[in-house]
Amino acid sequence: MGNVHVIDHPLIQHKLTLMRRADTGAKDFRELLEEIATLMCYEVTRDLPMEEIEIETPICKCKSRVITGKKLGIVPILRAGLGMVDGFVNLIPTCKVGHIGLYRDPETHEPVEYYCKLPPDVEEREIIVVDPMLATGGSSTDAITMLKQHGCKNIKLVCLVGVNEGIQRVQQAHPDVDIYIAAIDEYLNEHKYIVPGLGDAGDRIFGTK
Ligand code: PRP
Ligand code: URA
């Protein structure tokens with residue numbers, strides 16, 4: 001079973017509290033999400049493999065460490081995942097970005113696919129799926145399934161807020177995937193929104209509704 005990493009760093013928790021507040025506007029919401037994504041990227045990339053190379057400083061030759069191994073790909077689940085992309089790209093400027101478009105059917109709350117555009121060499125990359133919300137887990141589960149259908153083997157999932165129900169759905173479908181999350185909330189309401197959560201992330205980022 002994949003590990004669940006709860007990233008409870010004070011900076012992340014403080015910024016998440018600001019995001020949860022109903023009186024936080026779209027500009028601040030977007031900025032906070034990007035800042036949290038940057039902080040989460042630092043933790044998510046902690047286990048990247050390294051190698052020593054020889055370099056020359058202004059003083060002498062020496063050995064120093066660089067990241068090695070597979071290249072990275074960031075895959076946001078549209079729309080809300082877009083709000084986390086820059087936080088990752090700021091720290092990993094050479095990564096490629098793929099996009100998976102899913103929306104939740106308002107009646108069934110199950111994800112419906114409407115877009116998929118991935119880097120051509122996606123199966124050779126270590127993939128980090130980003131989406132702030134992990135509610136029923138349907139969207140994340142389906143996005144990871146789509147990536148595996150494209151040959152991806154090495155996948156991590158990074159979310160901001162989730163509930164145990166959603167985490168368990170992803171873990172059951174994809175026991176090989178580690179989940180990184182900033183907060184595990186209490187439950188889903190009758191509309192399958194996270195309680196207390198932060199509302200509809202896509203609407204709050206893009207000012208719709
Ligand atoms: C939201 C969110 C996740 C999904 C989570 O997207 O960004 O993708 O719901 O819910 P789930 O775990 O129950 O699948 P939404 O469908 O509202 O689309 P949007 O991002 O375009 O607003
Ligand atoms: N999607 C959201 O944006 N918020 C929730 O609480 C659940 C799903």
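**Buried positions and a ligand site**

User: In this predicted model, what covers the buried residues of helix 3?
Analyst: The cover includes helices and strands (DSSP runs, numbered from the N terminus: H or I of at least four residues, E of at least two). Contact here means heavy atoms within 4.5 Å. Among the covering elements are helix 2 (26-44), strand 4 (72-78), strand 5 (96-97), strand 8, strand 10 (155-162) and helix 6.

User: From what number are residues counted?
Analyst: The model is predicted: local features need pLDDT of at least 70, side-chain atom pairs count only at pLDDT 80 or more, and totals for chains, interfaces and linings use all residues; side-chain values use heavy atoms, without hydrogens and water. Chains are lettered from A and ligands numbered from 1 in the order in which they are written, while residues along each chain, as its sequence is written, are numbered from 1.

User: Which residues of helix 3 are buried?
Analyst: Buried means under 20% relative accessible area, exposed over 50%, and partly exposed in between (1.4 Å probe, protein chains only). Helix 3 spans residues 82-91. Its buried residues are Gly83, Met84, Val85, Gly87 and Phe88.

User: What share of the exposed area of ligand 1 does the protein bury?
Analyst: A polar side-chain atom of Ser139 lies 2.6 Å from a ligand 1 oxygen, and a polar side-chain atom of Arg79 lies 2.8 Å from one; a polar contact is a pair of N or O atoms within 3.5 Å. Alone, ligand 1 exposes 500 Å² (Shrake-Rupley, 1.4 Å probe). The protein buries 92%.

User: Is Asp203 buried or exposed?
Analyst: Asp203 lies in helix 6 (residues 201-206). Beyond its neighbours within four places in sequence, Asp203 contacts Arg79, Thr208 and Lys209. With a relative accessible area of 13%, Asp203 is buried.

User: What separates the C-alpha atoms of Lys15 and Leu33?
Analyst: Lys15 belongs to helix 1 (residues 10-20) and is buried, at 19% relative accessible area. Leaving aside neighbours within four places in sequence, Lys15 contacts Leu32, Glu35, Ile36 and Leu39. Lys15 and Leu33 are 18 residues apart along the chain, and their C-alpha separation is 8.1 Å.

Terms used. A polar contact is a pair of N or O atoms within 3.5 Å; within protein, one must be able to donate a hydrogen and the other to accept it, and residues adjacent in sequence count only if both atoms are side-chain atoms.
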